[in-house]
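Work through these exercises with the structure open. Each task is followed by a stepwise solution.

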Amino acid sequence: MNLFPRLYKKIIVLLCCTFPLFVHAAGNAAHGQYLVAAAGCAGCHTNNTVDARPFAGGRILQTPFGVFHVPNITPHKQTGIGSWTEANFLRALRTGVRPDGQHYYPAFPYPSYSGITDSDLSDIWAYLQSLPAINQVNQTHELQFPYNQRWLLGPWQWLYFSSRFSTTITNRGAYLVDVLGHCGECHTQRNSLGAVIRERHLGGGSLAEDKSAPSLAPGDLQQWTDEELKQFLKTGDKPDGDVANTTMDEVIRTTTSQLTSADLEAVIAYIRSLPPVDSESGNQ
Ligand code: HEC
Ligand code: HEC
């Protein structure tokens, strides 16, 4: 009886046929790298010192609620996210929940990222996993009471956050601006509890230290041509010879300048299609 060799043959054929499926399921790190640029992950997760190591965290974010120390997201087992599963990662970005069940602060713009598609999240995960593991311990945030009470983020999510995974955004420009680019995290006004006011979507927002991000709604946006707007998002140069201030300049360097020409055009087309924002609405 040569039953066993035949069985082996079958198993080998089966493995060969299904191998491409496994490869596909593993996520495309090269595409992940582009998505990470479009989403500006490195900007926040890399310190702004000269010797900073990419994605190892340490960066300080000043907010009206206190100081956040952005964590290490390299695959280091003890100090980064090296012990996470892909499912942990998906849940963090989609629902703002930590592997231990606690909630994240919206200083991590997961309310925008919750709209990232499953396959894009897998690609981002594949890219982050391909980075060198860097041993850099996270610092504790320094927030004022009651914002230092992480448990309050549960009720906060209940009030202000609904995971968007059921709604698929098919417009490329909207996906780049509202989901990956999280432009509204700065360009939309927030209420006193740090939630963006939906009615004032991209109608301008105030940032820490008295800075503000102007409205991107068509009636308010600078009367630049599409070409001038593209130039600004690529280089930070304004038509009058001025340059973007430090906050937007960083967004341009780490995010919009990395986009393909077609994606930049989709961003501009989407901004041009925004409805006007009523200055009276949503003041709460
Ligand atoms: C505006 C700044 C900012 C951007 C942009 C940002 N993050 Fe973060 N991220 C944070 C902060 C702040 C935290 C910590 C939140 C907390 O402690 O509740 C965080 C937490 C995380 C965590 C959880 C780490 C842990 O140890 O629990 C992961 C994973 C993460 N970010 C991945 C990403 C990815 C991937 C991107 C891009 C798609 C990204 N972040 C973009 C600020 C940012
Ligand atoms: C971290 C906060 C932040 C994020 C995120 C951000 N911006 Fe900005 N943006 C600013 C600030 C601050 C200014 C004002 C800069 C200046 O006047 O030099 C600005 C200015 C601009 C301007 C010029 C508007 C004008 O009327 O002068 C455009 C256009 C713009 N941003 C588009 C975007 C787009 C598109 C995104 C998302 C891909 C984005 N921004 C994300 C903070 C931000």
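A residue is buried if 20 or more other C-beta atoms lie within 10 Å of its own, exposed if 12 or fewer, and partly exposed in between. The model used here is predicted.

**Exercise 1. Find where Arg150 sits, and decide whether Arg150 is buried, exposed or partly exposed.**

Step 1. Locate the residue. Arg150 is in the loop between strand 3 (142-143) and helix 7 (153-160).

Step 2. Count neighbours. Arg150 has 14 other C-beta atoms within 10 Å, so Arg150 is partly exposed.

Step 3. List the contacts. Leaving out residues up to four places away in sequence, Arg150 touches Gln102 and His103.

Step 4. Check the distance to Tyr105. Arg150 and Tyr105 are 45 residues apart along the chain, yet their C-alpha atoms are separated by 7.8 Å.

**Exercise 2. Describe how helix 2 packs on helix 6.**

Step 1. Recall what is needed. Two packed helices are described by the angle between their axes and the distance between the axes.

Step 2. Read both values. Helix 2 (residues 29-38) and helix 6 (residues 118-129) pack at about 100°, and their axes are 7 Å apart.

Step 3. Classify the angle. Angles of 65 to 115 degrees count as roughly perpendicular. Helix 2 is therefore roughly perpendicular to helix 6.

Step 4. Name the partners. Helix 2 contributes Ala29, His31, Gly32, Gln33, Leu35 and Val36. Helix 6 contributes Asp120, Asp123, Ile124, Ala126 and Tyr127.

Step 5. Sort the residues of this contact. Six are nonpolar, three polar and two charged.

**Exercise 3. Characterise the shell around ligand 1.**

Step 1. Count the shell. Ligand 1 is surrounded by 22 residues. The closest are Ala39, Cys41, Cys44, Tyr104 and Phe108.

Step 2. Find the main contributor. Helix 3 (residues 41-45) supplies the largest share, four residues.

Step 3. Sort by type. The shell has 18 nonpolar residues, three polar and one charged.

**Exercise 4. Which backbone features stand out at Phe55, His182 and Pro146?**

Step 1. Most residues other than glycine have a negative phi, and most peptide bonds are trans.

Step 2. Take Phe55. Its phi is positive, about 70°, although Phe55 is not a glycine. Phe55 lies in the loop between helix 3 and strand 1 (60-63). Phe55 has 26 C-beta neighbours inside 10 Å, so Phe55 counts as buried.

Step 3. Take His182. Here phi is about 35°, again positive in a residue that is not a glycine. His182 is in the loop between helix 8 (172-180) and helix 9 (184-187). With 21 C-beta neighbours inside 10 Å, His182 is buried.

Step 4. Take Pro146. A cis peptide bond joins Phe145 and Pro146, with omega about 5°. Pro146 is in the loop between strand 3 and helix 7.

Terms used. Residues are numbered from 1 along each chain as its sequence is written. Chains are lettered from A and ligands numbered from 1 in the order in which they are written. This is a predicted model: local features need pLDDT of at least 70, side-chain atom pairs count only at pLDDT 80 or more; totals for chains, interfaces and linings use all residues. A residue is near a molecule or strand if its C-beta atom, placed from the backbone, lies within 6 Å of it. Helices (H or I, at least four residues) and strands (E, at least two) are DSSP runs, numbered from the N terminus. Ala, Val, Leu, Ile, Met, Phe, Trp, Tyr, Cys and Pro count as nonpolar, Asp, Glu, Lys and Arg as charged, and the others, Gly among them, as polar. Two residues are in contact if their C-beta atoms, placed from the backbone, lie within 7 Å. Axes are lines fitted to C-alpha atoms, for helices over the stretch in contact, and angles run from 0 to 180 degrees between N-to-C directions. Angles under 35 degrees count as roughly parallel, over 145 as roughly antiparallel, 65 to 115 as roughly perpendicular and the rest as oblique.
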